[in-house]
Amino acid sequence: MAEQEIKTQIKEKIIKALNLEDFKPEDIDNEEPLFGEGLGLDSVDALEIILMLERDYGIKFETAVEAKPYLKNIDTMAELIEEKNGK
């Protein structure tokens, strides 16, 4: 799967998992922070994203702290998925 396809897929899954009904994938910048400023997600949203990564991509984390660097933005999640799934 191409890198851009993965990024669009991640955005679609986040929108669905977090019920962000007012957002479209193109509304989320790949480099925009997902937490705090930027998209403004919180720790509960982080857990939902971690569950999505595990369920949909087979990526498991021992702790939420371990996942934190990969949840920075869409680019970092796409890199993780490509790395774990052999690009």
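**View 1. Helix α2 and the lining of the largest pocket in the predicted model.** Helix α2, residues 43–57, supplies the largest share of the lining of the largest pocket, namely 3 residues. The complete lining consists of F35, D42, S43, A46, I50, A64, K68, L71 and K72. Sorted by class, these lining residues comprise 5 nonpolar, 1 polar and 3 charged. The space in this largest pocket amounts to about 180 Å³.

**View 2. Packing of helix α1 against helix α2.** Helix α1, which spans residues 3–17, packs with α2 at an angle of about 125 degrees, and the two axes lie 10 Å apart. On the α1 side, the contact is made by Q9, I10, K13, I14 and A17. On the α2 side, E48, I49, M52, D56 and Y57 take part. By class, the contact of α1 with α2 contains 6 nonpolar, 1 polar and 3 charged residues.

**View 3. Crossing of helix α1 and helix α4.** Helix α4 covers residues 74–84, and its axis comes within 9 Å of that of α1, with a crossing angle of roughly 115 degrees. The range from 65 to 115 degrees counts as roughly perpendicular; α1 and α4 are therefore roughly perpendicular to each other. The crossing of α1 and α4 is right-handed. From α1, the residues E3, I6, K7, I10, K11 and I14 meet α4, where their counterparts are I74, D75, M77, A78, I81 and E82. The contact of α1 with α4 holds 7 nonpolar and 5 charged residues, with no polar residues.

**View 4. I10 and I14 of helix α1 in the two helix contacts.** I10 and I14 are among the α1 residues that make the contact with α2, and both are also among those that meet α4. Q9, K13 and A17 of α1 are listed with them in the contact with α2, whereas E3, I6, K7 and K11 accompany them in the contact with α4.

Conventions
Residues numbered from 1 in each chain as written. Predicted model: local features only at pLDDT ≥ 70, side-chain atom pairs only at ≥ 80, totals over all residues. Heavy atoms only, no water. 1 Å grid on protein atoms, 1.4 Å probe; cavity = no way out; pocket = protein on both sides within 12 Å on 5 of 7 lines; lining within 4 Å. Points joined across faces, edges and corners; volume = space filled by probe spheres on them. Helix = DSSP H or I, 4+ residues; strand = E, 2+ residues; numbered from the N terminus. Nonpolar A, V, L, I, M, F, W, Y, C, P; charged D, E, K, R; others polar. Axes fitted to C-alpha atoms, helices over the stretch in contact; angles between N-to-C directions. Contact = heavy atoms within 4.5 Å. Parallel < 35°, antiparallel > 145°, perpendicular 65-115°, else oblique. Left-handed = near helix turned anticlockwise from the far one by under 90°.
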